[in-house]
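Please look over the sequence and the 3D structure below. A short report on them follows.

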Amino acid sequence: NGSVYACDAGFFCPAGMSVRSQFDFTCPVGSYCSGSHGFPIPCSPGYFQPTAGSSFCIPCPLGFFCPGIMSVIPSTVYNDSFMLPCPAGTFCPLGSAYPRQCLPGTYSSRLAAPNCSSCPPGYICKDFGISDYVNATVYSGMNSQCLDAFASAMRVFGMLRANRTIVEGTIPANPCYKNPKIDYTCPIGHFCPAGLRNLEAGRCPRGTFSDTTGIGDILQCRPCLPGMFCVEPGLSAPTGLCSG
C-alpha cells in the first residue's frame with residue numbers, strides 16, 4: 001500500500017528493506033539501533049553495549065574505561081564492546097572514556113580502581129599517576145603505544161571474556177609507565193601524613209628538626225637539643241649553639 005514504517009528498535013534497516021526487523025540486520029555489540037537507522041550507531045566513548053539487538057548504550061562501569069570504536073584495541077582482547085579495566089596509577093568513575101591519572105597525594109596499585117587511595121604516612125605522593133610509591137612508578141598516559149601494550153597484557157594475563165575476571169596487581173605494560181627516579185619517602189626535616197601533596201605543608205616546625213626519613217606525624221619531629229636552637233622550619237639538624 002506504499003506505507004513507510006520505522007525500523008524496529010534493536011535492528012537497522014539499510015536501503016531496500018521490506019520488513020521492520022530481520023535477523024541478519026540485528027544491531028551488533030558495541031553499537032545501538034533505536035529504530036529508523038540505516039546502519040548501526042557505534043557507542044560513543046565512555047559507553048559500551050555487550051548485547052546484540054540493543055537500542056541504547058550503557059555508561060562504562062566503575063573501574064573500567066570504554067574508548068570507543070576508534071581505539072586500536074582488538075575486539076578479541078577483552079570483549080566486543082571495547083571495555084577495559086583501568087590500569088594501576090589511574091581511576092575510572094562511571095562513564096569513563098579513558099583512565100584518569102591519580103591526583104597528587106593519592107595512588108592506585110591495582111586494576112579496575114573506581115578511585116585512588118591516599119598516599120600512606122611517611123611518603124609524599126607529589127606526582128600525578130602514581131602506581132607504586134615505594135619504587136616510584138608513574139602511569140604516563142594512554143597513548144596508542146600504551147593502549148596496544150595494555151591490551152596485549154590483558155590477553156597474556158588471561159582476562160576471561162565470559163565473566164570479566166579481574167586480575168589484581170599491576171600489569172607490566174612498559175609504554176604506559178615511567179620511573180621518574182624520585183624517592184617518594186618523606187625526606188629529612190619533614191613529616192608526611194597520609195595524602196600529603198607537597199612538602200611545604202610537611203616541614204617540621206620551628207624549634208624542632210628531623211634527621212630521619214619516612215616519618216608520618218608532626219610528633220615525630222624532634223625537639224631542638226638542649227643548648228641549641230632551631231630557628232627555621234624544615235630543619236634536618238639544629239641551627240647552632242645558643243650563645244652565652
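## Model and confidence

This is a predicted model, in which local features need pLDDT of at least 70, side-chain atom pairs count only at pLDDT 80 or more, and totals for chains, interfaces and linings use all residues. Residues are numbered from 1 along each chain as its sequence is written, and side-chain values use heavy atoms, with hydrogens and water left out.

The term pLDDT is the predictor's confidence in each residue, from 0 to 100. The protein's average is 80, and 74% of the residues score at least 70. Among the elements, strand β14 (residues 208-209) has the highest mean, 97. Helix α1 (residues 144-156) has the lowest, 64. Helices (H or I, at least four residues) and strands (E, at least two) are DSSP runs, numbered from the N terminus.

Residues 70-81 stay under 50 in pLDDT. The model gives them 33 contacts beyond four places in sequence; contact means heavy atoms within 4.5 Å. Residues 156-173 are also below 50, with 36 contacts beyond near neighbours in sequence.

## The largest nonpolar core

A nonpolar core is a set of buried Ala, Val, Leu, Ile, Met, Phe, Trp, Tyr and Cys residues joined through side-chain atoms within 4.5 Å. Buried means under 20% relative accessible area, exposed over 50%, and partly exposed in between (1.4 Å probe, protein chains only).

The largest core has eight residues, among them Cys119, Cys125, Ala136 and Tyr184. Leaving aside neighbours within four places in sequence, Ala136 contacts Lys178, Asn179, Pro180, Ile182 and Tyr184.

## Aromatic pairs

How many aromatic pairs does the structure hold? There are three. Rings of Phe, Tyr and Trp (its six-membered ring) pair if their centres lie within 6.5 Å; planes under 30 degrees apart count as stacked, over 60 as edge-to-face and the rest as tilted.

The ring centres of Phe65 and Tyr98 are 6.5 Å apart and their planes are at 25°, so this pair is stacked. Phe65 sits in strand β5 (residues 64-65) and Tyr98 in the loop between β7 (90-91) and β8 (100-101), so the pair ties together parts 33 residues apart in sequence. Phe65 is buried at 0% relative accessibility. Tyr98 is partly exposed at 38%. Elsewhere, ring pairs link Tyr107, Tyr123 and Tyr133 into a cluster.

## Ser96 in its loop

Ser96 lies in the loop between β7 and β8. Its relative accessible area is 2%, so Ser96 is buried. Its side chain reaches the backbone oxygen of Pro93 at 2.7 Å. Not counting residues up to four places away in sequence, Ser96 touches Gly46, Cys60, Phe64, Phe65 and Cys66.

Technical notes: Polar contact = N/O pair within 3.5 Å; in protein donor to acceptor, adjacent residues only side chain to side chain.
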